[in-house]
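Here is a short briefing on one structure. Keep the sequence and the 3D view open as you read.

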There are 6 protein chains.
Amino acid sequence: MRIDGRKNDQIRPVKVTRNYTKYAEGSVFIEVGDTKVLCNASIEDRVPPFLKGTGEGWITCEYNMLPRSTQVRKPRDIAKLKIDGRTMEIQRLIGRALRSVVDLKAIGEKTIWIDCDVIQADGGTRTTSISGAFIALVDAVNKLHKVQPFKVYPIRNFVTAVSVGIFENEKILDLCYEEDSKAIVDMNVIMTDEGEFVEVQGTGEEKPFSKKDLEELLALAEKGVKQMINLQKESLKMDCLWIGTGGK
Amino acid sequence: MRIDGRKNDQIRPVKVTRNYTKYAEGSVFIEVGDTKVLCNASIEDRVPPFLKGTGEGWITCEYNMLPRSTQVRKPRDIAKLKIDGRTMEIQRLIGRALRSVVDLKAIGEKTIWIDCDVIQADGGTRTTSISGAFIALVDAVNKLHKVQPFKVYPIRNFVTAVSVGIFENEKILDLCYEEDSKAIVDMNVIMTDEGEFVEVQGTGEEKPFSKKDLEELLALAEKGVKQMINLQKESLKMDCLWIGTGGK
Amino acid sequence: MRIDGRKNDQIRPVKVTRNYTKYAEGSVFIEVGDTKVLCNASIEDRVPPFLKGTGEGWITCEYNMLPRSTQVRKPRDIAKLKIDGRTMEIQRLIGRALRSVVDLKAIGEKTIWIDCDVIQADGGTRTTSISGAFIALVDAVNKLHKVQPFKVYPIRNFVTAVSVGIFENEKILDLCYEEDSKAIVDMNVIMTDEGEFVEVQGTGEEKPFSKKDLEELLALAEKGVKQMINLQKESLKMDCLWIGTGGK
Amino acid sequence: MRIDGRKNDQIRPVKVTRNYTKYAEGSVFIEVGDTKVLCNASIEDRVPPFLKGTGEGWITCEYNMLPRSTQVRKPRDIAKLKIDGRTMEIQRLIGRALRSVVDLKAIGEKTIWIDCDVIQADGGTRTTSISGAFIALVDAVNKLHKVQPFKVYPIRNFVTAVSVGIFENEKILDLCYEEDSKAIVDMNVIMTDEGEFVEVQGTGEEKPFSKKDLEELLALAEKGVKQMINLQKESLKMDCLWIGTGGK
Amino acid sequence: MRIDGRKNDQIRPVKVTRNYTKYAEGSVFIEVGDTKVLCNASIEDRVPPFLKGTGEGWITCEYNMLPRSTQVRKPRDIAKLKIDGRTMEIQRLIGRALRSVVDLKAIGEKTIWIDCDVIQADGGTRTTSISGAFIALVDAVNKLHKVQPFKVYPIRNFVTAVSVGIFENEKILDLCYEEDSKAIVDMNVIMTDEGEFVEVQGTGEEKPFSKKDLEELLALAEKGVKQMINLQKESLKMDCLWIGTGGK
Amino acid sequence: MRIDGRKNDQIRPVKVTRNYTKYAEGSVFIEVGDTKVLCNASIEDRVPPFLKGTGEGWITCEYNMLPRSTQVRKPRDIAKLKIDGRTMEIQRLIGRALRSVVDLKAIGEKTIWIDCDVIQADGGTRTTSISGAFIALVDAVNKLHKVQPFKVYPIRNFVTAVSVGIFENEKILDLCYEEDSKAIVDMNVIMTDEGEFVEVQGTGEEKPFSKKDLEELLALAEKGVKQMINLQKESLKMDCLWIGTGGK
């Protein structure tokens, strides 16, 4: 039995609130256990310089933890005049994850900004961000699609993420902060609803890990991803029907 | 009748959620109409260099708007590598307001960090921040006081803030964004529960204003402050009994 | 009797030197007691992005204290790679004050840069800056007007500023540094020559203040503003005749 | 046959020059095909604040590409006043990789700085950096060990890294730039000489990938790691005899 | 005859105002023609880290041009978040020049900050800064010496600087801006009252220059330095008697 | 006899490797004794704003020391978020030196970026950079010239640089680090192959120097420059035949 009573292959309770703020084209407040992230998707009618004139769109992410989302207050990046390395890494990861399931040509020359602001952090903020941001992305894309349908509906697949790890010799799914901080192997797995991998990042800083460990962790992750994709579907209901159809 | 159906001397509906996040010593989510601010108070066991060895404490504030708290996405300060002038002005204002009702000697050599993060902005974010931050401050101070009582309970008064302004020739209380952006005079008034002023900031950028206007606006502000202090008291209930007593 | 022998309602000796430097379109060295500020107005033939194509002009201010304008050397902002919060607040205030008496449409798509560099600081640097910058602004606008008259002369009113405060239970006008640093209430009042307010900023950081205090301080400020506007008129002589006439 | 005539499971020619510069405690110039990286290890007699007084040491990495290491000149980070996100990600990765095979307690309160400066980039700069930095680390640690032997020799394992990917439907090992830029799956694998994983990072930005792909890529990576570890051993010769022995 | 009627070997009129501001330990306003620089010397009771515990003092300089000291307004460094290269170069030059005539051991562990703020620039701002800063330095050192005499009076020599250059085939002394901007060779010479060189910086960006040119320019500079040192002596009067005596 | 056995008027062994990296239009690795600098020249088809539309080109330099090019590791500029003053000074110097022998009109609206990255520093990094960068510049210009000949071949002269100084009462040529750090006079001389000066920078921080010293040092520098220009010619062989001919 785990710290919070869960089984090893069980994710924490998930709560998704759509349309959380009133201005963003997509706005999702996602809670996975005590981890709470506000994921907003904003649409801007221009693209970064490297895409100008290509007809393609872009999806970019900014991730940020509020100073007291953590147990000890964390100074803001602006106070130190530089972005934290971990923050950079995470926002690049979220951007890649979402772009992997979207047809950027179909979007046209627009940028979709994903803002993931962590209100409370209890482990798994990057995976929670991806799972929530995907829903916000769908809402934002649908807002456009309802006004003027895309020739090809741009979202091709669901994408979601979970963490797995080895903690006290057990392989466990969806680590909370206490588990995460003591885990000897920590892995984030991002997958689509077709069971394919978008990204696998496993680290054994404490100690390297074997191929067998890797395989078992991946199997565990797959279980978690399935649970989480079902929750995304439940939350989106009819609003996810276009995904993967090209909009026909 | 105003845009949202209010009378000129009426504040918007207020909702206060205490203990909103689990780590901060004081954590308040305050909603004034569609303006929503998360106010967290954190206690740190040291003071800025200019107070070291004086036995006095400090209260400092950081204010920030989430990128999509506004109608159009506003880039983060860190992306521009500099703090916005308006942000600076507001966080200094909030800090002064709270310090004015606290006995910093009584706190001892501690810093109380107030983080006001605007989740959704619809006018009055600085006044809402002050009103909410005061409650978070009380909760944080009480947390200390319950463990080891202060010799002198450090909070001497309630403090709260409202905006008033002149919009379409009417003097109105608690402006929403649409009113604020077209007001010809805009004033923020910070007062205590004893009806004294902590700060008065009135600006007539569009057009100067007369002494009579100033007096009427101040009278209107007083009405608003009374309503808001009552709401603070309702929210704090028994937890505000020490205020102004010195803790005896 | 005050520290420097003045009466409570008396401003310090004022000396204004126009055309202080040879390149700026308007250049004023203003001394109010021992406070000395160089106010330069520069005209640039373009506007910030948010005004492009609107036909309107802009007035913006940068305020800066030389490192040894103060008793203890103050490191330069560039050495710390960030603008001081107080500096930001003051330069925004000066900008608003000047814009309030100018018809920005009449100026056309130009920016007037106001640089207030404090050479020596003995209290009241922000009010002295406003009073001096106004004269520099008139000189710069007249330089344009003489070459090619504006359809509508853009300056509508005189604007000036004074500080008032409560120090040792006395209400006093135009505080020097020693008074300012110990005042329990500190107020800056910006007014036009028609006796209307442009901005009122009163702070009681030490201790809140009553409505009666506020009224008495405002009355005192009015006296000071009148004295200062007379000095501006004396200094500008014939060069202020266009103000408020629209240039006819 | 690949672009440069290699077989799919073949790494590029590797050349290692130890003691490349004369000041660094460990200095390795490593060439993998046309990718050339200077890896310097420097020892400093203090640790970052979070380790002070713990008796533990630290290994940290800074990675940088010279402006013309790439086909088109890349502006320096300092010219843009911010570190590139990719740079951050890579230097964190290299640091984790090296720390995973070192006993930081055994090092004592010292920091080992690893500087990886890319002189020429033709794909695989991060994996090349890890493979070269490991040799520089061994040289630096041995320099200390020869003067005053560690109680426990701190390096426990060899660590090395290779890239694998899917390019034109082929799974290939050690991608050069041209292959890398068109690969649909890109994976970096960091392993020890005991065949355990330190880090696995696989990304399918273009398109997700299947479990079968993942397994085949991992197998290919293992082949590459073995070749590279043999090269590290050849290069270090007798100087790697202490590794994994604890120094006895 | 030159643009302003001077002979080739004639410096511009010089005016020195000592004790220009009231707080700085040494404060000199120096005017050389239309070039006007405020030179303040401040004493701080600590030294930079590299001198701690050595018993030696330090002299450091910050140079800055006010935005409208030039014909076209020059944005402030802080607005661009980086110090201008030319500014850096000049402040390092001024620091070296002053340190060359001071016995830093005799000063003890103090830092003397020299702030040169250019109020108006008409060529020769760096040489004018050195000449003025030297007088401010003497005043600051004397202020200490009068309170508690140094064992060894730390200033060993006068130091001053002039510019020379080739303009329209003439070799000229002390170039004004118009001459400087068109000169094909530009040289700054810093010398002591004993006729020795502290620094020689000659540049022929437009076109290289011959040895003969160099010699003639140096001879011309010597003439200028003599004139300028006499002016420093006149300005300092009795206050320069300790220089070079060691204070006996 | 000097530390490394050289005579006073002897430069260190020089080794030049052209085409050191494969992407840069000119790429030179130059070694002068133990000082090693990689000098890359890159061509960009645009010019800085101040040259747009003038038809003229530009040459600009960036100089940087790798962190462990020095005896003690030197933190990167980006880690401190500001460029070192010395770095600024040197890169401006190199830029001026190269521009002095190039006809910028003949280049047309292109920028040539010179990157000097110091791999190992043992004194004379700035002079070595100039001598090496000149060769890289010739290679880059020739690459263009061979594809489409310039109307006027833009390089008019060879340019090279050496250091001279006074060390233990001896005047010596081409100082190594140990000599440089203890020299009482330090001078950098940049000259053309016609024996004309481009730049002379002599500093006597420790102690001023006499005219006689200056003359002897310049004579010594001339000797060194001749040796170095011969080495540049040897290295460039036939590729320097266009220099000074205008390309006919």
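What is the distance between the closest C-alpha atoms of chain A and chain E? It is 11 Å, and no contact joins chain A and chain E; contact means heavy atoms within 4.5 Å. This is a predicted model, where local features need pLDDT of at least 70, side-chain atom pairs count only at pLDDT 80 or more, and totals for chains, interfaces and linings use all residues. Residues are numbered from 1 along each chain as its sequence is written, chains are lettered from A and ligands numbered from 1 in the order in which they are written, and side-chain values use heavy atoms, with hydrogens and water left out.

**How chains relate**

- Chain B and chain F do not touch either. Their nearest C-alpha atoms are 11 Å apart.
- A rotation of 180° with 0.0 Å of shift along its axis places chain B on chain A, with an RMSD of 0.0 Å. That is the relation of a two-fold axis.
- In chain B, the C-alpha nearest the axis belongs to B:Ile78, 2.5 Å from it.
- Of the interface residues of chain B, 100% are also interface residues in chain A, so the copies meet through the same surface.

**The sheet of chain E**

- Five strands form an open sheet in chain E, in the order S1-S2-S3-S5-S4, with mixed pairing. Strands (E, at least two residues) and helices (H or I, at least four) are DSSP runs, numbered from the N terminus. Two strands pair if DSSP finds at least two bridges between them.
- The edge strands of chain E are S1 (14–18) and S4 (58–65), and each pairs on one side only.
- From one strand to the next, the twist averages 15°. Angles run from 0 to 180 degrees between N-to-C directions, and axes are lines fitted to C-alpha atoms, for helices over the stretch in contact.
- Strand S3 (residues 35–44) and strand S5 (residues 111–120) of chain E pair in the antiparallel sense over nine bridges. Find E:Lys36: opposite it in S5(E) stands E:Gln120.
- Helix H2 (residues 85–99) of chain E packs on the sheet and touches S4 and S5 of chain E. Its direction makes about 145° with that of S4(E).
- Helix H4 (residues 125–147) of chain E also packs on the sheet. H4 touches S1, S2 (26–32), S3, S4 and S5 of chain E, and its direction makes about 35° with that of S3(E).

**Strand S9 of chain F**

- Seven of the seven residues of S9(F) are buried. Buried means under 20% relative accessible area, exposed over 50%, and partly exposed in between (1.4 Å probe, protein chains only).
- Strand S8 (residues 185–192) of chain F joins S9(F) through six bridges, running antiparallel. F:Met191 stands opposite F:Phe197 in S9(F).
- The hairpin of S8(F) and S9(F) has four residues between the strands. There, F:Gly195 takes a positive phi near 80°.
- S9(F) also crosses to another chain: five bridges join it to strand S9 (residues 197–203) of chain E, again antiparallel.

**Residue F:Glu199**

- F:Glu199 lies in S9 (residues 197–203) of chain F.
- F:Glu199 counts as buried because its relative accessibility is 2%.
- Its side chain makes polar contacts with the side chains of F:Arg96, at 2.6 Å, and F:Gln201, at 3.2 Å. A polar contact is a pair of N or O atoms within 3.5 Å; within protein, one must be able to donate a hydrogen and the other to accept it, and residues adjacent in sequence count only if both atoms are side-chain atoms.

**Two residues before S1 of chain B**

- B:Asp4 sits in the segment before S1 (14–18) of chain B. It is partly exposed, at 40% relative accessibility. Its side chain makes a polar contact of 3.1 Å with that of B:Arg6.
- B:Arg12 is found in the segment before S1 of chain B too. This residue is buried, with a relative accessible area of 4%. Its side chain reaches the backbone oxygen of B:Gly123 at 3.1 Å.
- The contacts of B:Arg12 beyond four places in sequence include B:Asp4, B:Asp34 and B:Asp174.

How values were computed: Copies are superposed by least squares on the C-alpha atoms of residues with pLDDT of at least 70 in both.
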